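Here are my notes for you, as numbered points. Keep the picture open while you read.

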Amino acid sequence: MIKSMTGFGAGDRTVGKTRVSVEIRSVNHRYFNPSIKLPNELSRWEAEVREALRRGVVRGHVTLTARIDREQADEARIDEARFGAYVEQLQKLQERFGITSPIDSASILRLPDVIASEVDEATGTAEEFVAIVARAVESLDRMRIAEGSKLGAYVAARLAIIAEAVERIAERAPQRLVEQRDRLRAAIQELASGVAIDDQRIAQEVAILADRLDVSEEISRFHAHLGAVGSTLATPPADGVGKRLGFLLQELLREANTTGSKANDSAIVREVIRIKEELERIREQVENLE
């Protein structure tokens, strides 16, 4: 299934005797790029959290934030030793810089690790915490799938427009060759002004012109690449569709540029411009697909 790289997920439950909540946000990125923010009490399980994220997310910049419910925590306490150390450091700074204002206890309590709410190590386990992460990843995944489905429908609609433009080019191309051939013959006859003309030489020049203007190979490759894009949307590879579609879009753009350079025909040039516009619209969306 197609997934967007943008999403949000959350989960919560107890770890030991403490309530823990996890939030995950993801945005587009070329690779899997996790950012994990854990309170000190949970930081020892960062490796397990990273692995759980890697199993659930192929690509994207993923930010995971875990919080401990301080209000519900039975083990909430003030670390008196750390509180005293902060007070001692502040007193020294006051003496050194001549600060006379009193020390604010509330400000000290907001300093790192003064208030601790430790997960009960006797019963709290990495498995309990990873289960919360897995729940948040599932929530994130549902949102990414829903968004990916919308993006997939948008891409499919744009591909249909491109396919129609390619068909119009395919219909126009043979007629254009006939017109260019007749124009070349007329020009040669006009320039000859009654002088005998070597029909074989004219045939050679017409063949060279036809080869230079022929876009049948480009049309064939257009069809092949469009079919590959459709297959990728219908059956996304295990590693996601974003990179695969990005490659195919580059190939389609190359065929459009080649067709346009060979065109020498206003009708075909208009279709090439339309194709390139739709490819740009698709590219903007594909950048956000996993």
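1. Some terms to start: two strands pair if DSSP finds at least two bridges between them. Helices (H or I, at least four residues) and strands (E, at least two) are DSSP runs, numbered from the N terminus. This is a predicted model, where local features need pLDDT of at least 70 and side-chain atom pairs count only at pLDDT 80 or more, while totals for chains, interfaces and linings use all residues. Residues are numbered from 1 along each chain as its sequence is written, and side-chain values use heavy atoms, with hydrogens and water left out.

2. Look at strand 1 (residues 7-15) and strand 2 (residues 18-27): they pair antiparallel over 9 bridges. Within this pair, glycine 9 sits opposite isoleucine 24 of strand 2. The two strands make a hairpin with 2 residues between them, and glycine 16 in the turn has a positive phi of about 70 degrees.

3. Put together, you get an open sheet of 4 strands in the order 1-2-4-3, with mixed pairing. Its edge strands are strand 1 and strand 3 (32-37), each pairing on one side only.

4. On to helix 2 (residues 80-97). Which of its residues are buried? Tyr86, Val87 and Gln94 are, where buried means under 20% relative accessible area and exposed over 50%, with partly exposed in between (1.4 Å probe, protein chains only). The face turned away from that buried side carries the exposed Ala81, Lys92, Glu95 and Arg96.
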